Amino acid sequence: MPRNPEVAALAAALAEPFEPGVIHWKPQQVKDKRCMAVAFIDARDVQDRLNTVLGAENWTDSYEVLNDGSAVCRLAVRFGEEWVTKTDVGAPSDQPDAGDRLKSAFSDALKRAAVKLGVGRYIYSLDTEWVDYDPVKKRIPNPPRLPAWALPKDKPTGNVSTPAKAPEPAKKAE
């Protein structure tokens, strides 16, 4: 049975790669001044994608806090006349503040539920890479380059450090 073309278009738009500047990198393992870089996106980027593709009125999320501090996200989206719900669990962070730990669990749960709709799923296919790490600033000074397949269709290069070029000002007609 063929899929509804409108639903297929929405699903494709949800799964579209993010702009390179939206992709962040965190160290998964650190050894001296090197680390294994792992890509991730922020929960606000997930919310922006849902708002842009579906409209704010066509998705909703609800949460349940579990005894261990984890959070369950129920993400419901409307495709045409049908509501589809995806559910996943997010883990709390190791931050000292209880509110920040819970906020982290909510963000993680939302991102994990949204992946089931295709949002950012391609990020899991990116290769992990050992890169330089600044242990003083606790950051990756030169993040990995994104491969061409992990870029929006209008981005021909995989250089995450190259900012987007500003559009040329419009010329006045004489």
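This is a predicted model: local features need pLDDT of at least 70, side-chain atom pairs count only at pLDDT 80 or more; totals for chains, interfaces and linings use all residues.
I take a residue as buried under 20% relative accessible area, as exposed over 50% and as partly exposed in between, with a 1.4 Å probe and protein chains only.

I number residues from 1 along each chain as its sequence is written, and side-chain values use heavy atoms, without hydrogens and water.

**Helix α3**

I read helices (H or I, at least four residues) and strands (E, at least two) as DSSP runs numbered from the N terminus. Which residues of α3 are buried? I listed Ala-105, Ala-109, Leu-110, Ala-113, Ala-114 and Val-115. I found these buried residues packing against α2 (43-54), β3, β4 (71-79) and β5 (82-90), where contact means heavy atoms within 4.5 Å.

**Aromatic pair**

I searched the whole structure and found 1 aromatic pair. Rings of Phe, Tyr and Trp (its six-membered ring) pair if their centres lie within 6.5 Å; planes under 30 degrees apart are stacked, over 60 edge-to-face and the rest tilted. Tyr-63 and Phe-106 are stacked, because their ring centres are 4.4 Å apart and their planes stand at 20 degrees. Tyr-63 belongs to strand β3 (residues 59-65) and Phe-106 to helix α3 (residues 98-115), so the pair ties together parts 43 residues apart in sequence. I noted Tyr-63 as partly exposed at 27% relative accessible area, and Phe-106 as partly exposed at 25%.

**Charges over rings**

I required NZ of Lys or CZ of Arg within 6 Å of the ring centre and within 35 degrees of the ring normal. Lys-26 lies over the face of Phe-40, 5.4 Å from the ring centre. The charged end of Arg-49 sits over the ring of Phe-18, at 4.0 Å from its centre.
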